[in-house]
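Please keep the sequence and the 3D view open while reading.

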Amino acid sequence: MNNNTTLLNFGSERVTELATLPPHIDALLRAHAHIKKVEKGTVLFRRNQAAAGLYGLLEGEVSFSTTSPGGRAFAFGRLPAGQWFGELAFLDDTPNPCDATTQADCVVAVVPFATVRELTASHPELLMALARVLGSRVRMLMQWAEELATLPLDTRLAKWLLTMAGDVPADAEWLHVPIVQTELACHLGVSRQSVNRLLKQWEADGWLRVSYGVVEVHDAATLRRLAQG
């Protein structure tokens with residue numbers, strides 16, 4: 001983990017980066033952490049469950065989601081390796097706000113909150129570092145919520161596909177985008193059928209192809225125009 005910013009796959013072109021902890025804070029937490037290997041599909045914590053500690057993702061990827069009382073799932077997005085999470089429950093002393101599930105085999109560092117509190121007494125800069133990480137996530141979620149409320153589905157889906165394509169040249173015309181349509185629909189706040197219908201429409205237009213677990217974009221310029229709204 002390093003003192004720069006890390007891409008987060010929340011589907012917004014305007015907010016593609018989040019703050020990470022400074023190297024000395026990262027090293028401090030890792031020195032007091034329990035390191036464990038976790039298999040893909042493991043729920044690290046659940047919404048409204050008492051929070052146990054601060055988590056550092058050393059390897060792998062973790063998704064964050066919640067389910068409404070009516071059973072409707074909603075996906076907030078994913079964090080890649082290099083991020084710490086669980087800071088909200090630590091800072092406001094409340095239960096976990098969502099579910100956290102591993103999307104690959106992961107290596108996770110866990111620092112119990114009691115230990116984090118002891119560390120903040122001797123290293124007060126830790127609190128400000130955690131606050132900056134939380135602040136960047138709140139800012140991202142506010143802009144994401146704005147897009148969810150104001151942009152049509154085709155624009156939001158195009159933005160998400162561009163984000164998930166990863167670090168590719170701006171003039172690239174061919175994009176390989178891994179997708180999970182159910183998770184994507186939860187993130188966009190629509191049904192899986194709505195996502196599939198729009199992807200099939202674009203496929204019929206001839207500029208992308210939908211396969212199991214992936215979208216092959218043959219004309220990225222068209223996708224970028226859609227993303228601009």
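## Cysteines

Cys 106 is buried, with a relative accessible area of 3%, where buried means under 20% relative accessible area, exposed means over 50%, and partly exposed lies in between, using a 1.4 Å probe and protein chains only. Cys 98 also counts as buried, at 9% relative accessibility. The closest cysteine sulfur to that of Cys 106 is the one in Cys 98, and because these sulfurs are 15 Å apart, they are too far from each other for a bond. A disulfide is a covalent bond between the sulfur atoms of two cysteines. Counted as a pair of cysteine sulfur atoms within 2.5 Å, disulfides number zero in this structure.

## How the model was read

This is a predicted model, in which local features need pLDDT of at least 70 and side-chain atom pairs count only at pLDDT 80 or more, while totals for chains, interfaces and linings use all residues. Residues are numbered from 1 along each chain as its sequence is written, and side-chain values use heavy atoms, with hydrogens and water left out.

Helices (H or I, at least four residues) and strands (E, at least two) are DSSP runs, numbered from the N terminus. In a regular strand the side chains alternate between the two faces of the sheet. In strand S9 (residues 99-102), Asp 99 and Thr 101 point one way, Ala 100 and Thr 102 point the other way, and all are buried.

Two strands pair if DSSP finds at least two bridges between them. Strand S4 (residues 43-45) runs antiparallel to S9 and is joined to it by two bridges, with Val 43 standing opposite Thr 101. Strand S6 (residues 61-67) is likewise antiparallel to S9, through four bridges, and here Ser 63 stands opposite Thr 101.

Arg 156 is found in helix H5 (residues 153-164). Although Arg 156 is buried, it has no salt bridge, and the nearest side chain of opposite charge, Glu 147, is 7.3 Å away; a salt bridge needs a side-chain nitrogen of Lys or Arg within 4 Å of a carboxyl oxygen of Asp or Glu. Leaving aside neighbours within four places in sequence, Arg 156 is in contact (heavy atoms within 4.5 Å) with residues including Glu 147, Leu 188 and Val 190.

Ala 185 lies in helix H6 (residues 181-188) and counts as buried, at 3% relative accessibility. Not counting residues up to four places away in sequence, Ala 185 touches Val 190, Ser 191, Arg 192 and Val 195.

Methods:
Lys, Arg positive; Asp, Glu negative; His and termini not counted.
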